[in-house]
Amino acid sequence: YSSAVEQACKARAILGIKRCGRKKVRIVLRGDLQDIAKVDPPNFNYYARVVSLTSVRMALGSYNAADECMAFIDISMAFLQSDRYDKSVKKYVVLKNPITGELIYFKQLGSIYGEISAPALWERTIASWIVEQEFIRGENDPCCFYHVRRRMRITLYVDDLKMIGGREHILWFHTLIRERVQTRELEWLEPG
C-alpha cells in the first residue's frame, strides 16, 4: 500500500456516449503526470509506428478486385489488450471517488489509456502476434505484413487492420485474431 501511495499516477474515469447511443466508461491515466523514470525501464523506446500513407496507397494500388477481397477490422480497447506486464513491474493508479472523495489505489497489470508507454506496448504486442502467424513484417514500413503462402497483405494503423487477400484467407485471419483479442465485426469493402 505504501508503494502504491508513493508511486501512483492520477487517473480519471471518463464517460463517453458513442454515436450509436452506447455508453462507455474508460479509466484514463494522467500520462502528463507520470514519472517515467520510476515506472519504465531505462532507455525505453516510446515510439509507436503506424502505416504510412504511401504504404496504404501501394496496398490499394496492388488490390486485384477479380481475385481478392478487402476487409477492415477494429480492435476493441486495443491498449488494454497489450501483453501483461512482467511481475517485476510495479505501476499503480489512483482514482478519486467522485461521491466520497476517497482516494482508491490500483495496481496496474498492463497498460491503460493515457499511459505514455501504451501505444508502443500495443504495437509490440500486435505486431509480434501477427509475425507469429507466419506473416513477414515490412522492413521499409514495419506496419505492413505479408503472408507468402496465403498471398495476404495487412496494414496496421494503431488498432485498425486492413486486410487484402482471398476471402477464405481473410476469414482464417479473422478467426485467429478473435481468439487473441476482442474485435469489432469484420467489415468488407464492397461496391456501393
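Me: What makes up the lining of the second largest pocket, by class?
Reply: Keep in mind that this is a predicted model. By class, that lining has 7 nonpolar, 5 polar and 4 charged residues. The volume of the second largest pocket is about 300 Å³, and of its 16 lining residues, Ser-55, Met-58, Asp-141, Cys-144 and Arg-153 are the closest to its centre. Cys-144 goes in the nonpolar class because Cys is counted there.

Me: Which helix and strands each supply at least two residues of that lining?
Reply: Helix H3 (53-61) does, and so do strands E6 (136-137), E7 (144-147) and E8 (152-157).

Me: And what makes up the lining of the largest pocket?
Reply: There you get 10 nonpolar, 5 polar and 6 charged residues. The largest pocket holds about 360 Å³ of space. Of its 21 lining residues, Ile-27, Leu-80, Ser-111, Ile-112 and Tyr-113 are the closest to the centre. Strands E2 (23-29), E4 (92-96) and E5 (103-107) each put in at least two lining residues, and E2 gives the most, with 4 residues.

Me: What makes the pair of Glu-115 and Gln-108 side chains a polar contact?
Reply: The distance is 3.1 Å, and the cut-off for a polar contact between N or O atoms is within 3.5 Å. So the pair passes on distance.

Me: Why does Ile-14 count as partly exposed?
Reply: Ile-14 comes in at 42% relative accessibility. Buried would need under 20% and exposed over 50%, so Ile-14 falls in between. Ile-14 is in strand E1 (residues 9-17). Beyond its neighbours within four places in sequence, Ile-14 is in contact with Lys-24, Val-25, Arg-26 and Val-28. As for Ile-27, its C-alpha atom is separated from that of Ile-14 by 6.3 Å, with the two 13 residues apart along the chain.

Me: How do you know that E7 and E8 pair?
Reply: Pairing takes at least two bridges, and E7 and E8 have 4 in the antiparallel sense, so they qualify. One of the links is Tyr-146, whose bridge partner in E8 is Arg-153. The hairpin of E7 and E8 has 4 residues between the strands, and Arg-151 takes a positive phi near 50° there.

Me: What about E8 and E9?
Reply: E8 and E9 pair antiparallel over 5 bridges, with Leu-161 in E9 as the bridge partner of Leu-156. Their hairpin has 2 residues between the strands, and Val-158 has a positive phi near 55°. E9 (residues 160-165) also pairs with E3 (residues 69-74), antiparallel over 6 bridges, and Cys-69 has Gly-165 as its bridge partner in E9.

Me: Why is E8 described as largely enclosed by the rest of the structure?
Reply: Because 5 of the 6 residues of E8 are buried.

Me: What makes E6 and E10 the edges of their sheet?
Reply: The open sheet has 6 strands in the order E6-E7-E8-E9-E3-E10, with antiparallel pairing. E6 and strand E10 (187-189) each have a single partner strand, so one side of each is left without a neighbour in the sheet.

Terms used. Residues are numbered from 1 along each chain as its sequence is written. This is a predicted model: local features need pLDDT of at least 70, side-chain atom pairs count only at pLDDT 80 or more; totals for chains, interfaces and linings use all residues. Side-chain values use heavy atoms; hydrogens and water are left out. Buried means under 20% relative accessible area, exposed over 50%, partly exposed in between (1.4 Å probe, protein chains only). Contact means heavy atoms within 4.5 Å. On a 1 Å grid over the protein atoms alone, a cavity is a set of points where a 1.4 Å probe fits but cannot get out, and a pocket is an open set with protein on both sides within 12 Å along at least five of seven lines; lining residues have an atom within 4 Å of a point. Grid points are joined across faces, edges and corners, and a volume is the space filled by probe spheres set on the points. A polar contact is a pair of N or O atoms within 3.5 Å; within protein, one must be able to donate a hydrogen and the other to accept it, and residues adjacent in sequence count only if both atoms are side-chain atoms.
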